[in-house]
Amino acid sequence: MTAITHNPPPPSVDPGLLAAFRDVATATISDCLDRMPVLAGLRAFHRGGRLIGTAFTVRVRAGDNLAIHQALEAARRGDVIVVDGGGDTSRALVGDVMKAIAESRGVAGFVIDGAVRDTDAFAASDFPCYARAATPRGPFKTGPGATNLPVCIGGWTVNPGDVVVGDADGVVTFPPGIAPTLREAVRAQADREAEVLALIREGRYDGRYARPA
C-alpha cells in the first residue's frame with residue numbers, strides 16, 4: 001500500500017455564509033465571477049436537490065480510491081468531497097457503499113472528476129453526486145493520493161475550504177473570503193434579471209439584456 005499524504009484541513013466556514021448561497025443559481029454565481037468558476041464536464045447523478053458545502057479536496061491516481069476512503073474518515077460535517085481523478089473514467093471511484101459512508105458522516109456531497117457506479121442508488125437519492133461518467137468497473141485501493149491540497153477539475157482550480165455550490169446546471173466554487181461582495185453581486189444580478197423578465201411580460205422589452213452588465 002502506498003502512503004496517502006494528509007495536509008491540514010482549512011479553517012471552518014461560517015454556516016451563515018453557506019446559507020446565504022443555498023438558493024443562488026450556479027449560473028448567477030458564474031456570471032458574477034466573470035463566467036469562470038465552473039467545473040466543466042461534470043453532470044448530476046442524484047435525483048435532485050442542491051449542493052452546498054466546503055471543499056475537502058482529494059487527489060488520486062487514475063482509478064484508485066484509497067485516498068477517498070481516508071478522506072471520508074477525516075471529513076467534517078458539511079464538507080464536500082471534491083476528487084481530482086484526472087478525468088479518468090475507466091474505473092468508478094465511488095458507489096453506493098461510499099455514498100452510505102458519506103451520508104452517515106454528514107458529508108454534503110461528492111464532486112468526482114472521474115467515474116461513479118451504482119447509479120440507480122444515486123438516482124433514487126437526494127445526496128448530491130456530480131461526476132464525469134459511470135462505469136461498473138471498480139477501483140484499485142492502493143494509492144498513492146493526497147488530501148486537502150489544490151486540485152484542478154474541468155480547467156478550474158479548487159482549493160481546500162472553497163465554497164462549493166451545485167444545482168441542475170453543474171458545480172461552481174469560490175473562496176469564502178469573497179462571499180460578502182459576491183452575495184451583493186448576485187443580488188444585483190437577480191434584480192436585473194427580474195426587471196428584464198417583467199419588461200418582457202409587459203411587452204416593453206428594450207434589448208437591455210443583450211448589453212454588457
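The points that follow refer to a predicted model.

1. Strand β11, residues 163-167, deserves attention at the outset. Five of its five residues are buried, so β11 is largely enclosed by the rest of the structure. V163, V165 and D167 point one way from the strand, whereas V164 and G166 point the other way, and all of them are buried. In a regular strand, side chains alternate between the two faces of the sheet.

2. As to the partners of β11, the strand pairs in the antiparallel sense with β3 (residues 51-60) over four bridges, and V164 of β11 is the bridge partner of G53. β11 also pairs in the antiparallel sense with β12 (residues 170-174), here over five bridges, with G170 in β12 as the bridge partner of D167. These two strands, β11 and β12, form a hairpin with two residues between them.

3. I4 lies in strand β1, which spans residues 4-6, and counts as buried because its relative accessibility is 11%, under the 20% cut-off. Leaving aside residues up to four places away in sequence, I4 touches L66, A67 and Q70, together with G143, P144, G145 and A146.

4. S125 is found in the loop between α5 (119-123) and β7 (129-134), yet at 9% relative accessibility this serine counts as buried. Beyond residues up to four places away in sequence, S125 touches H46, R47 and G48, as well as K99 and E103.

Notes. Residues numbered from 1 in each chain as written. Predicted model: local features only at pLDDT ≥ 70, side-chain atom pairs only at ≥ 80, totals over all residues. Heavy atoms only, no water. Buried < 20%, exposed > 50% of the residue type's maximum accessible area, 1.4 Å probe, protein only. Contact = heavy atoms within 4.5 Å. Pairing = 2+ DSSP bridges.
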